[in-house]
Amino acid sequence: MSTPISTAESPDLARENAVFRKVVRRIVPFLILCYVFSYLDRVNVGFAKLQMSDDLGFSEAAYGLGAGLFFIGYFLFEVPSNLMLQRIGARTWIARIMISWGLVSASFMFVTNEAMFYVLRFLLGAAEAGFYPGVILYCTYWFPSHRRARVIAMFMSAIPVAGIFGNPLSGWIMDRFQGVNGWQGWQWMFLLEAIPALLVGVATLFYLDDGVRSAKWLSDDEKAVVERAIAEDSAHQTVHGRVWDAFREPKVWLMCLIYFCFVMGQYALTFWMPTFVQSTGIEGNLAIGVLSAVPYLAALVAMNVFGRSADKRRERRWHLVVPSLMGAVGFSLAAVWSGSTVLSLIALSFAAAGVLTCAPLFWSLPTAFLGGAAAAAGLAVINSVGNLAGFVSPYMIGALKDATGSTSIPMYVLALSLVVGAAAVLTTKKQVVNR
């Protein structure tokens with residue numbers, strides 16, 4: 001890996017660091033809160049499956065198809081949504097996204113058959129489309145590339161946080177509210193976990209700023225510091241212009257391949273973790289929820305350690321390759337140790353630490369060369385194409401599990417995907433991405 005940048009601070013650098021710490025404190029915790037509720041509402045269907053499939057007679061493949069259909073809606077509306085965010089402004093558009101997905105998520109309590117399940121999963125994807133790449137784009141307004149990996153890693157800590165707190169919460173709601181008012185536990189879970197998204201969506205209108213210029217909590221001197229850092233960073237971007245420039249850039253499509261490979265592993269964990277834990281012999285929704293949270297604790301630590309190291313060393317490629325191979329090893333060991341709860345949790349913790357670390361570090365690659373309108377389109381294209389793996393992964397696992405009665409073969413497929421992603425990362429030019 002590259003040698004670390006000197007830590008000695010000049011007065012100007014000390015001033016800049018202080019300003020960016022202020023920006024982080026203002027923006028990042030709120031974005032983390034938004035993403036926690038986003039991710040919880042996206043993947044709580046994994047917990048609902050423990051009751052819902054039996055109540056409604058869903059097969060493993062039917063559940064996998066429904067879980068994955070989220071990403072078809074996500075794919076179709078991702079680019080338009082991100083372009084609207086750039087045109088209308090982050091504050092209004094992110095609020096719109098959160099309120100609409102909260103309403104759709106609550107509607108899952110009324111599902112009675114496969115068709116309704118499929119339609120609502122598609123609509124949830126359409127409603128949420130643009131949130132994640134919109135936040136990545138929003139971060140480029142506030143942070144230069146050499147500060148971005150750490151910030152995005154902090155933001156994406158929401159994924160393990162949602163797993164750590166959301167999994168036990170989902171299990172508790174399903175057990176505690178079973179039969180209340182004549183509703184099933186999974187119906188209560190969808191309703192109660194949708195409410196925070198609606199509330200935070202409204203709060204977004206009052207809290208977020210569209211950009212540096214409109215931030216009343218920064219002085220004019222502090223705004224100048226941020227704008228100067230962003231301008232200096234933008235000078236290094238090689239794809240900076242019209243929307244269609246992103247579609248014609250080969251590096252964008254390479255990014256799609258890399259992200260697709262990583263997302264295969266990410267959504268295997270988030271949609272199937274409760275089932276993986278249950279298959280080791282654990283019973284009770286709350287117990288499954290608590291144990292399902294363990295791998296996310298490992299991921300929370302790994303994400304932030306790798307993110308800090310990548311920014312400190314200004315090295316991106318090997319900071320992606322190492323965790324992706326960790327994930328491949330973790331999935332392979334989970335297949336071998338599927339009969340033991342303790343060993344399976346160790347393997348899944350290793351897999352989660354690797355796979356979930358890849359996601360935030362990945363975005364330092366495309367944001368290193370994309371700028372302007374091309375960034376709005378390019379980031380959305382990469383995220384939408386890559387997230388098609390969110391359709392492929394759960395459906396593949398469900399179909400193979402129905403066919404073989406085992407989760408081992410899907411685990412090996414996921415491991416192979418991560419190895420391919422690691423190899424693709426090494427084809428990028430270090431002089432382009434190591435900033």
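Residues are numbered from 1 along each chain as its sequence is written, and side-chain values use heavy atoms, with hydrogens and water left out. In this predicted model, local features need pLDDT of at least 70 and side-chain atom pairs count only at pLDDT 80 or more, while totals for chains, interfaces and linings use all residues.

Me: Are helices H4 and H6 roughly parallel or roughly antiparallel?
Reply: Helices here are DSSP runs (H or I, at least four residues), numbered from the N terminus. The axes of H4 (residues 90-107) and H6 (residues 131-142) come within 11 Å and cross at roughly 160°. Axes are lines fitted to C-alpha atoms over the stretch in contact, with angles from 0 to 180 degrees between N-to-C directions. Angles under 35 degrees count as roughly parallel, over 145 as roughly antiparallel, 65 to 115 as roughly perpendicular and the rest as oblique, so H4 and H6 are roughly antiparallel.

Me: Which residues of H6 make the contact with H4?
Reply: Contact means heavy atoms within 4.5 Å. H4 brings Ala90, Ile94, Ile97, Met98 and Trp101. From H6 come Phe131, Val135 and Tyr138.

Me: How do H2 and H8 run, roughly parallel or roughly antiparallel?
Reply: H2 spans residues 45-56 and H8 spans residues 158-176. Their axes come within 9 Å and cross at roughly 25°. That makes the pair roughly parallel.

Me: How many polar residues does the contact of H2 with H8 have?
Reply: H2 supplies Phe47, Ala48, Leu50 and Gln51, and H8 supplies Asn167, Ser170, Gly171 and Met174. Ala, Val, Leu, Ile, Met, Phe, Trp, Tyr, Cys and Pro count as nonpolar, Asp, Glu, Lys and Arg as charged, and the others, Gly among them, as polar. By class there are no charged residues, 4 nonpolar and 4 polar.

Me: Is Ser38 buried or exposed?
Reply: Ser38 is found in helix H1 (residues 11-43). Beyond four places in sequence, Ser38 is in contact with Trp101, Glu128 and Phe131. Buried means under 20% relative accessible area, exposed over 50%, partly exposed in between (1.4 Å probe, protein chains only). At 0%, Ser38 is buried.

Key. Helices (H or I, at least four residues) and strands (E, at least two) are DSSP runs, numbered from the N terminus.
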